[in-house]
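Here's a quick briefing to read with the model open beside you.

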Amino acid sequence: MSDVNASVTAVDDAIDLLTKYSTELSDIHARGCFEITSIAQLVASKKYENQTKIEELCAEMNCESYDEEHTVSDMNEQAALLQKLQTQQENYSALLERVTAQCDIKLENWNKTHRYYLEFIESGKRIMGEYIFQLNKIIIGEGRTYESIHAKPGYYVIVVDSKRYPQTAEHIRFAIKKGMPDFVTLGREDAADRRKASLRGIKTRPEYDRDEWPMACFVEGGDGADVWYIDRRDNRGAGSSIGWQMRGIPDGSTVRLRLI
């Protein structure tokens, strides 16, 4: 078991790789949607240009005062051109209708494919996250700690399950997206002081806890931490889960909170 956390971090790297694939897939999806819709937009643009020509020609024919230089032949040419443009406009209208219908079908299929693969990726990430959680559980459940198995990785991975603790997970996800770190440094000794600093001026509320990210047990916590009011059971359940997963991890270690 001396290499157990090497396995944990390898799985964590794989989750990052799937996240990268998910981003690339969404980029491909966006480009595909653009290409599909641009076909209909191109036909619509041609139809608009043709309609503009018709309107300009009609205006010219209505305003033209025919003199010796403007013969019947000229009038016939304009009438023939108008007929040609009107026929083209009918063709553009029919083509646009067909193209739009086909584009709608293509977009629906493209979106379904995109959703399928995103769900597949997210399912894979959850399975791997649960695997990390179970490894952490086995270590602690057997009375061992990361120190006792001599694991010295670059960082430790702690899992927060968004299905079990949705509010806590959403808060951490929001805070990280806002710029807070997901890699943090464990520092239990000054946790009480950091908690006071992070919660200063934020009043308590019945039935709610003030949830901090980064948590006070991390060096990055304290003043400036992001604080939300969340359900008390959600917050304390998540805190308990995080706490026992960190049992035996020495202060000063880098910890990553992995949301699944």
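The side chains of Asp 209 and Arg 236 make a polar contact of 2.8 Å (a pair of N or O atoms within 3.5 Å; within protein, one must be able to donate a hydrogen and the other to accept it, and residues adjacent in sequence count only if both atoms are side-chain atoms). Keep in mind that this is a predicted model, where local features need pLDDT of at least 70 and side-chain atom pairs count only at pLDDT 80 or more, while totals for chains, interfaces and linings use all residues. Residues are numbered from 1 along each chain as its sequence is written, and side-chain values use heavy atoms, with hydrogens and water left out.

- Asp 209 lies in strand β3 (helices are DSSP runs of H or I with at least four residues, strands are runs of E with at least two, and both are numbered from the N terminus).
- With a relative accessible area of 9%, Asp 209 is buried (buried means under 20% relative accessible area, exposed over 50%, partly exposed in between, using a 1.4 Å probe and protein chains only).
- Leaving aside residues up to four places away in sequence, Asp 209 touches Trp 228, Tyr 229, Ile 230, Arg 232, Asn 235 and Arg 236 (contact means heavy atoms within 4.5 Å).
- Over in helix α2 you'll find Asn 136, which is buried at a relative accessible area of 0%.
- The side chain of Asn 136 has a polar contact of 3.0 Å with the side chain of Gln 245.

**Aromatic rings**

- The count comes to 5 aromatic pairs (rings of Phe, Tyr and Trp, the last by its six-membered ring, pair if their centres lie within 6.5 Å; planes under 30 degrees apart count as stacked, over 60 as edge-to-face and the rest as tilted).
- One of them is Phe 133 with Trp 244, which is edge-to-face because the ring centres are 5.4 Å apart and the planes sit at 70°.
- Phe 133 is in helix α2 (residues 72-141) and Trp 244 in helix α5, so this pair ties together parts that are 111 residues apart in sequence.
- Phe 133 counts as buried at 15% relative accessibility, and Trp 244 counts as buried at 19%.
- Trp 213 and Phe 218 also pair edge-to-face, with centres 5.8 Å apart and planes at 65°; both residues are buried.
- Arg 205 lies over the face of Tyr 229, at 3.9 Å from the ring centre (the rule asks for NZ of Lys or CZ of Arg within 6 Å of the ring centre and within 35 degrees of the ring normal).

**Helix α3**

- Helix α3 covers residues 166-178, 13 residues in total, and reaches 18 Å from its first C-alpha to its last, close to the 18 Å expected (1.5 Å times one less than the number of residues).
- Its buried residues are Thr 168, Ala 169, His 171, Ile 172 and Ala 175.
- After α3 comes Gly 179, with a positive phi near 125°.

**The chain overall**

- The chain has 5 helices and 5 strands, running α-α-β-α-β-α-β-β-α-β from the N terminus on.
- Of its 260 residues, 37% count as buried.
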